[in-house]
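Welcome, and thanks for taking a look at this one with us. Please have the sequence and the 3D view open side by side as you read.

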Amino acid sequence: MISSDTLLFTICRRLFSTVLVLLGVSLVVFLLLQLVPGDPAITILGSGATAESVAEIRAQLGLDKSLPLQFIDYLGGLLHGDLGRSLTINAPVTDIMGPRFANTLILTGAALLLCIVIGVPLGVLAARKQYSIFDRISMFVALSGASVPVYWFGLLLIGFFSIRLGILPTSGMYNSRNPGGLGDLLTHLLLPALAAALVPLAVIARMTRSVMVEVLQQDYIRTLRASGLTARSVLWRHALRNALPPIINVIGLQIGYLLGGVVFVEVVFGWPGLGQQLYTSITQRDIPVVQAGVLFIALAFVIVNLLADTAVGLLDPRTRRKVGA
């Protein structure tokens, strides 16, 4: 069994790695945004501003300093929980990104639920019926789904369910005229969640099938079958349990893909989340908002993978023996 001290050490090591990753992400984003054409001071004042006004705004924002000093000031603000102010809205970045990030988490959570509820059982059944028509068709559909651009699939969903059938809304999070609570939210959530879930669902289904095929060929599975256990019990209670560690790993990675992919989904469906705000801020060269948005996504990604790695370490007996040795 893994000891609590070893587990704590592993978590602390991963947390330290998380800090380094976030520092690296902050530096890369900061440097890349310096390459974007335009001047934030002119963005605030407009193209007709005088040179004196532009110089004054640049001094207020600290843009007249060297890049290393600007980055140090930015890190200092992060340590104090200050992400800066939006250059276009003139409001604290945290006030802007907080609600947007919550909306993105709603969309990501719904898409992840679809991935798990559909992808894992689909992969298990495909492995159970290996080389059958169901297996070939389901894996062909999964492979095709993994190759489809998210924004294109989103437009197809809008064209069919919203424009042709007229049964689901085309955009937004609630009905702008008469918001209807949870039911209204779920109605607006269905299409963007399906679009966001397409590629991760396909990857999870194929990974689950691959792992389950390997597990079902193990000797202990034959022993369980010979002992008189039902096929359902062997498949879902024993085989799937031993296949969970790599499945959890791939689910953790797909959450990172979801957080990045929802940028396109939110723009297509007009979902008021982090991705749509990032798209708007990039076009307006609102550097503090872009930096905060990327930092939010990176933080969520590393936390999810930290939780996934911890879960794998607790579930996988081979990992426990290795760590406890």
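The model is predicted.

**The largest pocket**
- A set of 25 residues lines the largest pocket, and those nearest its centre are Leu 61, Gly 84, Arg 85, Leu 87 and Pro 288.
- Two or more lining residues come from each of the helices α2 (40-45), α3 (51-61), α4 (67-79) and α12 (287-315).
- Sorted by class, the pocket lining comprises 12 nonpolar, 9 polar and 4 charged residues.

**The nonpolar surface patch**
- Helix α7 (residues 150-164) supplies the largest share of the patch, with 4 residues.
- Leu 156 is a residue of helix α7, and Leu 156 counts as partly exposed because its relative accessible area of 43% falls between the limits of 20% for buried and 50% for exposed.

**Ile 89 in its loop**
- You will find Ile 89 in the loop that runs between α4 and α5 (93-128).
- Ile 89 has a relative accessibility of 48%, so Ile 89 is classed as partly exposed.
- Ile 89 and Ile 44 are 45 residues apart along the chain, and their C-alpha atoms are 9.1 Å apart.

Technical notes
Residues are numbered from 1 along each chain as its sequence is written. This is a predicted model: local features need pLDDT of at least 70, side-chain atom pairs count only at pLDDT 80 or more; totals for chains, interfaces and linings use all residues. Side-chain values use heavy atoms; hydrogens and water are left out. Buried means under 20% relative accessible area, exposed over 50%, partly exposed in between (1.4 Å probe, protein chains only). On a 1 Å grid over the protein atoms alone, a cavity is a set of points where a 1.4 Å probe fits but cannot get out, and a pocket is an open set with protein on both sides within 12 Å along at least five of seven lines; lining residues have an atom within 4 Å of a point. Ala, Val, Leu, Ile, Met, Phe, Trp, Tyr, Cys and Pro count as nonpolar, Asp, Glu, Lys and Arg as charged, and the others, Gly among them, as polar.
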